[in-house]
Amino acid sequence: MNQEQTEEMKNTKEKIAFTSTGGSMESLLSEQFGRCQYFIIVDPETGKFDAISNLGEQMQSGAGPKAAELIHHHGANVVVTGHVGDKAEDVLKRVNIKIVTGYKGNIKVKDALTEYLSK
Amino acid sequence: MNDLKISIASGKGGTGKTTIAASLASIIPNSVYIDCDVEEPNGHLLLKPKINTEEFVSKLLPKIDPFKCTVCGNCVEVCEFNALINLKFEITLIDEMCHGCGACAYFCPEKAITEIEKPIGVIRRGITEDNIYFIDGLLNIGEVAAAPLIKAVKKKIPEGGTAPYNTAIGKGTSSYKKGIIAVKNEFYDSQIDNETTSYKKEIPKGRDDFDKNDFDNKIFSDNKSFLDNVKPESSSSEYFKTYIIDSPPGTSCSMVEAVIDSDYCVLVTESTPFGLNDLKLAMEVLKTIRVPFGVVINKYDDSYREMEKYLEESKTDLLLKIPFDRKYAVSYSKGILPLVLYPELRTDFFDLYETIKRMIGLEMGKVQSV
């Protein structure tokens, strides 16, 4: 990552993508990245969120990189999930999306958001 | 005279496909053994061929010219295998996902995509001491798509009478030599003469010599009727050449690719619930692609009755039962085909081959009558 890009990242507003099992903030977090049912993309400043259904659930192969492409196109620059595979990780790194992993599937998306922001 | 393609498949892995396939190849005159289990070929461990040619096989990968590309996303849209990813500022390719179909290059409006070759594996060809022709494919480590390599391996199955094998088959020892040199010349065409002579010394024993073997004579004298079919000279043989295709396990693309155009498929299973479950899946596949099949129960055990019950209910042909026996496993683990050490298996396999030929005859009769 060169200096210019780093600067750009600092200036752009944070948009966090959560992998989710449902389409609302009350839904449980999904531990899977490529094959989660929904992405909840949150703007932490305004608290507004978008729910995007992920087609990767039905894909035979290549769901991870495709999911990375999807959240990139929706302007996310952070992803919070359980685990990210190698191929998806490569794509996420190339488009400068910060990867936050290790979250368990037993908490709600809104709690995951509070937990992430408190760090 | 027809060529005969028999594929050996199974749902479950480790049921003995390769052992059955190699055993069949070793007793059938004019046989060619083709190992299509390219992810982990192991037929060479049992047949021990002398490999004389190796060819690399490539697949085509798209290469995107960054100066011509406008990131329109057409290629990403048409890619059936999710191999192309749109990063907004450029399109990136995930090599291992690509099946090399060429759709991206075809639909690129800027003609920014060219297709380049990438090696995916190697095809090895050779001949065993008993004059079984041997072909196998070996997929490179990390490569996920086995089907293109299997397709390439199967292309080596000569269509009709033009391939170098044919000169070598069925005309006695002298033509065997010619045949082998022909195979060699085709791929090492610029090699010098003295290499060819040194190669002659390594020519394996003819099948005639093999027949004179005491052990064989004993078997053949017991079964005079077999003798006619076994001798390579016998021109009365119904089939010109027999291809034994060793398929990968499972019921995925690679298995379908291996068995799809065969005249008959032998499904190898074992006396376990796992064997039965996966056999059902494999049978479903073969019914769908309309390949006639029969079942061989390897490691047969009396106590598991469900297998035979199911075969009976579904009116499936049971071709052969090979009992579970430690001595077979010992011989196999030493890389020796069990039928070499235990003559009772040899007769079983002759019977199996005769049964398969009869089944194919019946199947063809059916087709004609329709």
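Helices (H or I, at least four residues) and strands (E, at least two) are taken as DSSP runs and numbered from the N terminus. The model is predicted; local features need pLDDT of at least 70 and side-chain atom pairs count only at pLDDT 80 or more, while totals for chains, interfaces and linings use all residues. Residues are numbered from 1 along each chain as its sequence is written, and chains are lettered from A and ligands numbered from 1 in the order in which they are written.

The predictor assigns the complex an ipTM of 0.84 and a pTM of 0.66. Two residues are in contact if their C-beta atoms, placed from the backbone, lie within 7 Å.

Chain B contains 17 helices and 11 strands. Of its 370 residues, 38% count as buried. A residue is buried if 20 or more other C-beta atoms lie within 10 Å of its own, exposed if 12 or fewer, and partly exposed in between, with C-beta atoms placed from the backbone. Among contacts in chain B between residues at least 6 apart in sequence, 72% join residues at least 24 apart.

Helix α1 (residues 17-27) of chain B is mostly covered, with 11 of its 11 residues buried. Among them are B:K17, B:T18, B:I20 and B:L24. B:L24 is also one of the residues with the most contacts inside the largest nonpolar core, which has 67 residues; B:Y33, B:I244, B:V266 and B:L267 are the others. A nonpolar core is a set of buried Ala, Val, Leu, Ile, Met, Phe, Trp, Tyr and Cys residues joined through C-beta atoms within 7 Å. Leaving aside residues up to four places away in sequence, B:L267 touches B:A9, B:S10, B:L279, B:A282, B:M283, B:F293 and B:V295. Another core, of 42 residues, lies apart from it and includes A:F33, A:C36, A:A76 and A:V84.

Strand β9 (residues 264-270) of chain B has 7 of its 7 residues buried, so it is largely enclosed by the rest of the structure. B:Y264, B:V266, B:V268 and B:E270 point one way from β9(B), and B:C265, B:L267 and B:T269 the other way. β9(B) runs parallel to strand β10 (residues 293-300) of chain B and is joined to it by 6 bridges; strands pair if DSSP finds at least two bridges between them. B:E270 has B:N298 of β10(B) as its bridge partner. Together with helix α13 (residues 273-288) of chain B, these strands make a right-handed β-α-β unit.

B:K111 is placed in the loop between α4 (103-107) and β6 (113-127) of chain B, and is exposed, with 9 other C-beta atoms within 10 Å. B:N131 lies in the loop between β6 and β7 (133-139) of chain B, and is buried, with 24 other C-beta atoms within 10 Å.

Between the chains, 11 residues of chain A are in contact with 10 residues of chain B. On the side of chain A that touches chain B, the elements giving two or more residues are α2 (63-73) and α3 (86-94) of chain A. The largest share, 4 residues, comes from α2(A).

Key: A crossover is right-handed if, with the strands pointing away from the viewer, the path from the first strand over the helix to the second runs clockwise.
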